[in-house]
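Q: I would like to learn how to read a structure one feature at a time. Where do we begin?

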Amino acid sequence: MKTKLILFCIWGFCISCSNTQEELEYRPTPMEVTIPENFPNLVYNLDHNPVTQEGFELGKKLFYDGRLSANNAIPCAFCHEQAFAFTHHGHNLSHGVNGGIGFRNSQPIQNLAFQNEFMWNGAATHLDLQPIIPLTSELEMGETLSNVVAKLNSDSDYIKRFKSAFEDGQINSENMLKALSQFMVMMVSSNSKYDKYKRKEEGVTLTPQELNGLAIFENKCSSCHATDLFTDQTYRNNGLPINPQLNDKGRFLIFENPADLYKFKVPSLRNVEKSFPYMHDGRFATLQAVLNFYDSGMVDNGNVDPIFLRANGSLGISLSNEEKEALLAFLLTLTDNEFLTDERFSEF
Amino acid sequence: MKTIQWALLLMLSITILSCNKDDNTEEDLTGQKGNLVIKFDNGVGEQDFIYGTSYDKSNGESFKLEALKYIISNIRVTDSKGNTFMYPSADNVFIVDEANANNAGEIWITLANVDAADYTSITFGIGIDQERYALGADGQGNFLTEAQEAGMLWSWATGFRFVRLDGTYSSATVTNEPLNIHMGSVGTALDNYREVTLSFPNTVKVRENKEPEIHIEADILKIFDGQTSVSFDNGYSQVHTDENTTPVIANNMKGMFEVHHVHNE
């Protein structure tokens, strides 16, 4: 009996040795998610997916890897280029694996951990699951989760990386999506001139013209472009003339509620200087064109948000040329060059 | 280190178990676990479900299906003393797919390591509840992949199709028009998760050496002719995330399940 116990203990000891060796592989370095002082609270629940250096780096590799698409050539970054606030530079609509053209303008990837819903009409209701939409869309990456997982499983570098980033070390959809979320959660843009002015950092001041623009903005724009995320995260119909070729009904497509016709999510204005073209279909090439539209281009498409109703019954936000110039000056203070050139998010 | 503790624990428990053997006069189920099989058997009214067969609805419309599947989750069973055993959450989500049925038309779900007890009722959810959805990718393992392969994930939005009925329907005015019932929830805005509780006709005895079977009949007709009778011609031939039609389908599905019988072996 005694011998058996001793043998048992020796056997146990050997096992614990091999366990320790395995544990060596999974020793992730935690990464802190800093919430900027002038931001609202995080929406993303980090308890379910704590960010680690290894997970973040894996997410970045996935973000820049064309193998997530059917023809191995269209990575996420194809439509989300860093220098343009992770939008598709200059494209109103983007093309995907089969030469198909998408329906909407690609949106910036920044400060997503502070948002409840994603996509122009809120079709994505969890950040982890959002990548499934472009990944499987035939117009975009045209892949399936099982195919992508199989491709990653045949790559020794990914096998290593998943092992060091996740406790179970599995290459599966759960861990792949978690890694992508970790990368996106870290993509916080909060160091524009405006932010530094707001937080009274580095003695940054705004010019009289920019301050004037800020005052106009607060008076005429900030009820929708609210908080320092510059969106109240609601869906609104802003009176764009309907493009009959696309006839994109926006949020209506989800709940089929007539009250949602032509509603789109109020976009953030961070890095708006770089995220052109504008609107859900990228119809405006410049900010000047956007301001002109709000001043004099809105049409009654049947469901325009009442916030745009002027006292005389017409639709729009009246802006004089001086006001437009001041607004433009202010909007340029939202450009965050630290974010746009941050090497942590760069491919190379 | 861990292993030594386990080894000692194991040896200790073996000792305790062998000591206990003598005074085992009445059935002590403490620590005993067994398997429990749940068989889903899809039918339409009084008939078995068969792909491509035309079935009539109460309003004269008829339908044929090529795909029939739904998500079942959060299965738990309650015993005669009122104790509830919840199957471990991470594994407690299943796609019941007619395509996986055996020759008798049954889709089997086997729950392992269920606490031994005399169970009197079962509760389960249809679809994915808010709590599970809020976990995002966490705890999903490969279920997202599995769901996508089964066509139970939306592609144009995030989230799960709780049910998937694909086929055609005919009415007084149309013949063989597409029929697609893909009801699901949309984030927190539209919650179509529903739960059902069914009593067993006799107790289900889960034991280490017994594998009882619960035979559940699912009447697909009730999805259309249930609590509310719906008309394909009138907005119910395409049901996806519409905030008016999806809850009607979800509520109808609550009434489609019935425990036909149980086997204790």
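Q: What should I know about the model and its numbering?

A: This is a predicted model, in which local features need pLDDT of at least 70 and side-chain atom pairs count only at pLDDT 80 or more, while totals for chains, interfaces and linings use all residues. Residues are numbered from 1 along each chain as its sequence is written, and chains are lettered from A and ligands numbered from 1 in the order in which they are written.

Q: How many helices and strands does chain B have?

A: The secondary structure of chain B comes to five helices and 14 strands. Its C-alpha trace spans about 75 × 40 × 30 Å along the principal axes.

Q: How is a contact defined, and how many residues of chain B are in contact with chain A?

A: Two residues are in contact if their C-beta atoms, placed from the backbone, lie within 7 Å. By that rule, 29 residues of chain B are in contact with 36 residues of chain A. Helix H1 (2-20) and helix H3 (143-149) of chain B each supply at least two residues of the side that touches chain A. For classes, Ala, Val, Leu, Ile, Met, Phe, Trp, Tyr, Cys and Pro count as nonpolar, Asp, Glu, Lys and Arg as charged, and the others, Gly among them, as polar. The side of chain B that touches chain A then has twelve nonpolar, twelve polar and five charged residues.

Q: How do I read the packing of two helices?

A: Two packed helices are described by the angle between their axes and the distance between the axes. Axes are lines fitted to C-alpha atoms, for helices over the stretch in contact, and angles run from 0 to 180 degrees between N-to-C directions. Angles under 35 degrees count as roughly parallel, over 145 as roughly antiparallel, 65 to 115 as roughly perpendicular and the rest as oblique. In chain A, the axes of helix H8 (residues 208-220) and helix H11 (residues 321-332) come within 7 Å and cross at roughly 100 degrees. H8(A) and H11(A) are therefore roughly perpendicular to each other. Their contact has seven nonpolar, three polar and two charged residues.

Q: Which residues of H11(A) are buried?

A: A residue is buried if 20 or more other C-beta atoms lie within 10 Å of its own, exposed if 12 or fewer, and partly exposed in between, with C-beta atoms placed from the backbone. In H11(A), the buried residues are A:Glu323, A:Ala326, A:Leu327, A:Phe330 and A:Leu331. Seen down the axis of H11(A), these fall within an arc of 140 degrees, so they line one face of the helix; the arc is that of the directions from the helix axis to the C-beta atoms. The face turned away from the buried side carries the exposed residues A:Asn321 and A:Glu322. What covers the buried residues of H11(A) includes H8 and helix H10 (287-296) of chain A.

Q: What does a loop residue such as A:Leu127 touch?

A: A:Leu127 lies in the loop between helix H2 (53-63) and helix H3 (132-136) of chain A. With 25 C-beta neighbours inside 10 Å, A:Leu127 counts as buried. Leaving aside neighbours within four places in sequence, its contacts include A:Tyr44, A:Met184 and B:Gly136. A:Leu127 and A:Met184 are 57 residues apart in sequence and 8.7 Å apart in space, C-alpha to C-alpha.

Q: Which value does phi take at A:Gln233 and at B:Asn74?

A: A:Gln233 has a positive phi of about 65 degrees although it is not a glycine. A:Gln233 lies in the loop between H8 and strand S1 (235-236) of chain A, and counts as partly exposed with 18 C-beta neighbours inside 10 Å. Phi of B:Asn74 is near 50 degrees, also positive in a residue other than glycine. B:Asn74 lies in strand S4 (residues 62-79) of chain B, and with 20 C-beta neighbours inside 10 Å it counts as buried.

Key: Helix = DSSP H or I, 4+ residues; strand = E, 2+ residues; numbered from the N terminus.
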